[in-house]
Amino acid sequence: LLYILIPSTLIMVCIFFLTIEEKFRHTFVSKERGKDLTIRGFREGSDDAVKAAHFAMSKHHWKSIEEEVRGWVEANWSKWEEEKPKWLDENMKAKIPVEWIQTKEARNEEKERRKSVRK
């Protein structure tokens, strides 16, 4: 079984790479770590929704730029509360540390919201 499975898989992978358009080949392999991709995506994000998508990654990915992410949250929290963007759902709010919310009143509101969600 392995004498057939391994060679046929290798042949199919080779055929795949030979038949795709050359301009797309670079999208399959990268030396960039996931952590670096998350940081670059956050920093180069064109809007808050893009940055939020990268913020939603593992905390270990953006730990090295935590102060930058915190500043972004602190600067925009009140705006997000007013505008209620689609991406700022319950799941995303739960990922944002309460300490990062700028005003004490907003922090307390978010703590209460989280308590009610847990029940």
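What percentage of the contacts in the protein with a separation of 6 or more do residues 24 or more positions apart account for, and where is His60 found?

Guide: The model is predicted, so local features need pLDDT of at least 70 and side-chain atom pairs count only at pLDDT 80 or more, while totals for chains, interfaces and linings use all residues. Residues are numbered from 1 along each chain as its sequence is written, and side-chain values use heavy atoms, leaving out hydrogens and water.

Residues 24 or more positions apart account for 42% of the contacts with a separation of 6 or more, a contact being heavy atoms within 4.5 Å.

His60 is found in helix α4, residues 59-62. Helices (H or I, at least four residues) and strands (E, at least two) are DSSP runs, numbered from the N terminus. His60 is exposed, with a relative accessible area of 66%; exposed means over 50%, buried under 20% and partly exposed in between, with a 1.4 Å probe and protein chains only. Lys35 is 25 residues from His60 in sequence, and their C-alpha atoms are 7.6 Å apart in space.

As for the whole, the protein has seven helices and zero strands. Its radius of gyration is 21 Å, well over the 14 Å that the globule rule gives for 119 residues, so the protein is more spread out than a compact globule. That radius is taken over C-alpha atoms, and the rule is 2.2 Å times the number of residues to the power 0.38. The C-alpha trace spans about 65 × 35 × 25 Å along its principal axes. Of the 119 residues, 29% are buried.
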